[in-house]
Amino acid sequence: METVPEIKKHIDDFNSRLSVIASRINQRFGLSITVEPVDVVPPTRYNAYYNQYIRDVHRLMLDSLNNLSDQLQRYNLIGPVNLYFWTDWDALDDKLSEIEERTKNY
């Protein structure tokens, strides 16, 4: 089980990386790629609220990643890079790294 500060670090890193990709594409092509940052209020106790917090973080991070991927695909900037279910932080990081790799030349 991860602690709330560790999860918050993952969220902050994820939001930062999404923002960098979107701003780079927007500056290069004059597009309006939007990114919804993941913002979930952490629980104060480790109980059922903690489990709900984890589910919300997973869902929002998947939605944000897939939303960015869909926008980039719509403009034919990358091919499909979607993650349809949560496996772990590494899978999410791998998909985000794949998007970064495909867009780094822009």
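Biologist: Helices (H or I, at least four residues) and strands (E, at least two) are DSSP runs, numbered from the N terminus; how many helices and strands does the protein chain come to?

Modeller: The protein chain has 3 helices and 0 strands, and its elements run α-α-α from the N terminus on. This is a predicted model, in which local features need pLDDT of at least 70 and side-chain atom pairs count only at pLDDT 80 or more, while totals for chains, interfaces and linings use all residues. Residues are numbered from 1 along each chain as its sequence is written, and side-chain values use heavy atoms, with hydrogens and water left out.

Biologist: What box do the C-alpha atoms fill?

Modeller: Taken along the principal axes, the C-alpha atoms of the protein chain fill a box of roughly 45 × 20 × 15 Å. The chain exposes about 6,600 Å² (Shrake-Rupley method, 1.4 Å probe), and carbon and sulfur atoms supply 50% of that area.

Biologist: What share of the residues counts as buried?

Modeller: Of the 106 residues, 38% count as buried, where buried means under 20% relative accessible area, exposed over 50%, and partly exposed in between, with a 1.4 Å probe and protein chains only. In α1 the buried residues include I7, I11, F14, L18, I21 and I25, and what covers the buried residues of α1 includes α2 and α3.

Biologist: Which span should α1 have, at 1.5 Å a residue?

Modeller: The expected span of a helix is 1.5 Å times one less than its number of residues, so the 26 residues of α1 should span 38 Å, and its end C-alpha atoms, 37 Å apart, agree with that. For α2 (residues 48–74), the 27 residues should span 39 Å, and its end C-alpha atoms are 39 Å apart, which agrees.

Biologist: And which residues follow α1 and α2?

Modeller: α1 is followed by G30, whose phi is positive, near 70°, and α2 is followed by N76, whose phi of about 55° is positive although N76 is not a glycine. N76 lies in the loop between α2 and α3, and because its relative accessibility is 68%, N76 counts as exposed.

Biologist: Changing topic: is I78 buried or exposed?

Modeller: I78 sits in the loop between α2 and α3, and because its relative accessibility is 10%, I78 counts as buried. Not counting residues up to four places away in sequence, I78 touches S69, L72, Q73, I99, R102 and T103, a contact being heavy atoms within 4.5 Å. I78 and I99 are 21 residues apart in sequence, with their C-alpha atoms 7.7 Å apart in space.

Biologist: Now the largest pocket: how much space lies in it?

Modeller: About 180 Å³ lies there. A pocket, on a 1 Å grid over the protein atoms alone, is an open set of points where a 1.4 Å probe fits, with protein on both sides within 12 Å along at least five of seven lines, and lining residues have an atom within 4 Å of a point.

Biologist: Which helix gives the most to that lining?

Modeller: α1 gives the most, with 6 residues, and α1 (4–29) and α3 (89–103) each supply at least two residues. The lining includes E6, H10, F14, M61, W89 and D93, and its residues divide into 5 nonpolar, 1 polar and 6 charged. Ala, Val, Leu, Ile, Met, Phe, Trp, Tyr, Cys and Pro count as nonpolar, Asp, Glu, Lys and Arg as charged, and the others, Gly among them, as polar.

Definitions and conventions. Grid points are joined across faces, edges and corners, and a volume is the space filled by probe spheres set on the points.
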